[in-house]
Amino acid sequence: MKNALVIGATSDIGIHIAETLAKQGFSLYLTGRDKQKLNDIKSSLQTKYQISLKTYELDVTDFSSHSKFYDSLNPKPEIVFFLAGYYQNQTEARENQSELLTTIQTNYSGIVSLINIISLDMEKKQNGTIVAVSSVAGERGRQMNYIYGSAKAGLTTYLSGLRSLLFKKGVHVCTIQLGPVYTKMSFGHNLMPWLTLQPETAANLIVKAGLNKKDIVYIRWPWRFIMGMIRMIPEWIFKRLPPF
């Protein structure tokens, strides 16, 4: 029986990723900041699938806890999914330093800290898969979300370099370029239905990409072409465009 770790399992997508893995017989380690929600997920999945499952309270921005947390896992997971994310009012993130740091630490530096610890262990064993959710928002800085986007851009670049480094070491790194999904994080945003996924659909596609050892996956395929066109817009035009 394989072991999987889901960081951010209490998120809307994380819940469905945990269930998708449970259906396939994985033993699970689930993390989140909400202890009660973790317990509810654990009870539900164990009742449905009779799997081995442990939960851990974990805040990805608590850097001092990362090594102790990973050291406590026995056996170590063969595949790890990173779902932790944070997106709030971007104007507030610009004007409030605490909000700025939370955005950067949750979406970039906290995740990188954990991946660094886990990838070093996988490199020694020459085995393992890391699946991290980034975002199409990181492909070009847009005035409406450039703080969040810059954190995701950093994560995408980090994963690209790590993938190249670990390829010959038997460790696979999968980058998920996620577009909009109907979740609590996207509530209140003006989303286009034909480009927006339900969390269960997104979760199934993310798990499939990870298990099939894909490199870079646009979960909603039109985004590959949309972002390609956006990247081609000259900067002297791009800076004059209205927010989008």
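Is E235 buried, partly exposed or exposed? I looked up its relative accessible area: 49%, so E235 is partly exposed. My cut-offs are under 20% for buried, over 50% for exposed and partly exposed in between, with a 1.4 Å probe and protein chains only.

**Ground rules**

I am working on a predicted model, where local features need pLDDT of at least 70, side-chain atom pairs count only at pLDDT 80 or more, and totals for chains, interfaces and linings use all residues. Residues are numbered from 1 along each chain as its sequence is written, and side-chain values use heavy atoms, with hydrogens and water left out. Helices (H or I, at least four residues) and strands (E, at least two) are DSSP runs, numbered from the N terminus.

**Salt bridges**

I counted a salt bridge where a side-chain nitrogen of Lys or Arg is within 4 Å of a carboxyl oxygen of Asp or Glu. The structure holds 5 of these salt bridges.

I started with E235 and its partner R140, whose closest N and O atoms are 2.5 Å apart. E235 lies in helix α9 (residues 235–238) and R140 in the loop between β5 and α6, so this pair ties together parts 95 residues apart in sequence. R140 is buried, at 13% relative accessibility.

Next I took K169 and E123, which meet at 2.7 Å, N to O. This pair also links distant parts of the chain: K169 is in the loop between α6 (146–166) and β6, E123 is in helix α5, and 46 residues separate them. K169 is partly exposed at 28%. E123 is partly exposed at 22%.

Then I looked inside α5 (residues 97–125). K125 bridges to D121 at 3.1 Å between the closest N and O atoms. The two are 4 residues apart in the helix, about one helical turn. An α-helix has 3.6 residues a turn, so residues three or four places apart point the same way. K125 is partly exposed at 48%, while D121 is buried at 18%.

**Helix α7**

I checked the length of α7 (residues 199–211). The expected span is 1.5 Å times one less than the number of residues. For 13 residues that gives 18 Å, and the end C-alpha atoms are 18 Å apart, which agrees.

Which residues of α7 are buried? I found P199, A202, A203, I206, V207, A209 and G210.

**Backbone entries**

K213 follows α7 and lies in the loop between α7 and β7. Its phi is positive, near 55 degrees, and K213 is not a glycine. K213 is partly exposed at 46%.

Q50 sits in the loop between α2 (35–49) and β3 (53–57). At 61%, Q50 is exposed.

Where is the cis peptide bond with omega of about 0 degrees? I found it joining N74 and P75. P75 is in the loop between α3 (66–71) and β4.

**Around M229**

M229 is exposed, at 53%.
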